[in-house]
Amino acid sequence: MPFTVLLVDDEPLVRAGLRAVLEAQPDIEVVGEAADGAAVIPLVNRLRPVVVAMDVRMPLMDGIEATRLVLRTVPDPPKILVVTTFENDEYVYEALRAGADGFLLKRARPAEIVHAVRLVAEGESLLFPAAVRQLAAEYGTNEARAALERAALTDREEEVLRLVARGLSNAEIAAGLTVGIETVKSHVSSILAKLGARDRTQAVIAAYESGFVAPS
C-alpha cells in the first residue's frame, strides 16, 4: 500500500510542486489538498492520510493550531510534516512542540522531499535540523530539566536518547550499539513512556529543552 499524503498550503504553486514530486513515486499517493489549516480536520477524517504536509504560516488557521486540532480530535491521527520557508522559524519549533513529527524546507530538492515523507511515515527517524535544535535549547526551562530527572532514565536509555536526538534510526542505533533492533525499539518505547512523550520528536525536544543534549 502506498503512503497517502494530504497537502496543506495556501500557495497553489507550492502544492502543485509537491504533488508533482510525490506522485512520481510508486509508493506515495497524494489524496487531497487544502489551502488553509481550517480545512484539515474534515479532510483528514474523510481521506485518512498517513502524512499531512502542513504549511506553518496560513491566513485563517496556521499550521500550529491545525496540528494541535488534528492530534487532539482525530483518532489514530496522521503524521504531521511541517513545511516552511525558513529553517530558523519559531513557528516551526512551536509546531514541533505541538506534536508535528518532522520538518521540511520548501526549497528542498525533490529527493529530500520524498525522503522526508517516507521518514515521517515510517516514524523511526527524525527531521530535526540544527537551527531547530538551537531554538529548543534556547527555550530550555527548569521545568524541563526537572521532568527529565523525574523520568529516571537508565544509563542505556540515556545513551539511546542521545542517539535518537542525533537523528539516528532504530537500525542505525542497533548497529552502533551492537544490539538487536527489537532491543532498541524496547528502549525507545520505555523512553517515550517515562518522558510522557507522544513520539521521538517530542522526546528529542525534551532532551534539548532540559539541556540533556546540547546543540552541536
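Start with helix α3 (residues 63-73) and helix α4 (residues 90-98): their axes come within 9 Å and cross at roughly 5°. That makes α3 roughly parallel to α4. Axes are lines fitted to C-alpha atoms, for helices over the stretch in contact, and angles run from 0 to 180 degrees between N-to-C directions. Angles under 35 degrees count as roughly parallel, over 145 as roughly antiparallel, 65 to 115 as roughly perpendicular, and the rest as oblique. Helices are DSSP runs of H or I, at least four residues, and strands are runs of E, at least two, numbered from the N terminus.

Before going on, the ground rules. This is a predicted model: local features need pLDDT of at least 70, side-chain atom pairs count only at pLDDT 80 or more, and totals for chains, interfaces and linings use all residues. Residues are numbered from 1 along each chain as its sequence is written, and side-chain values use heavy atoms, with hydrogens and water left out.

Who meets whom? On the α3 side, Ile64, Thr67, Arg68 and Leu71; on the α4 side, Tyr91, Glu94, Ala95 and Ala98. Contact here means heavy atoms within 4.5 Å. By class, that contact has five nonpolar, one polar and two charged residues. Ala, Val, Leu, Ile, Met, Phe, Trp, Tyr, Cys and Pro count as nonpolar; Asp, Glu, Lys and Arg as charged; the others, Gly among them, as polar.

Next pair. Helix α9 (residues 170-177) and helix α10 (residues 181-195) have axes that come within 8 Å and cross at roughly 110°. α9 and α10 are therefore roughly perpendicular to each other. Asn170, Ala171, Ile173 and Ala174 of α9 make the contact with Ile181, Val184, Lys185 and Val188 of α10.

Now single residues. Is glutamate 209 buried or exposed? Buried, because its relative accessibility is 9%. Buried means under 20% relative accessible area, exposed over 50%, partly exposed in between (1.4 Å probe, protein chains only). Glutamate 209 sits in helix α11 (residues 200-209). Its side chain makes a polar contact with the side chain of arginine 97, at 3.0 Å. A polar contact is a pair of N or O atoms within 3.5 Å; within protein, one must be able to donate a hydrogen and the other to accept it, and residues adjacent in sequence count only if both atoms are side-chain atoms.

Last one: valine 117, in helix α5 (residues 110-122). At 2% relative accessibility, valine 117 counts as buried. Leaving out residues up to four places away in sequence, valine 117 touches Val5, Leu22, Ile28, Val51 and Leu81.
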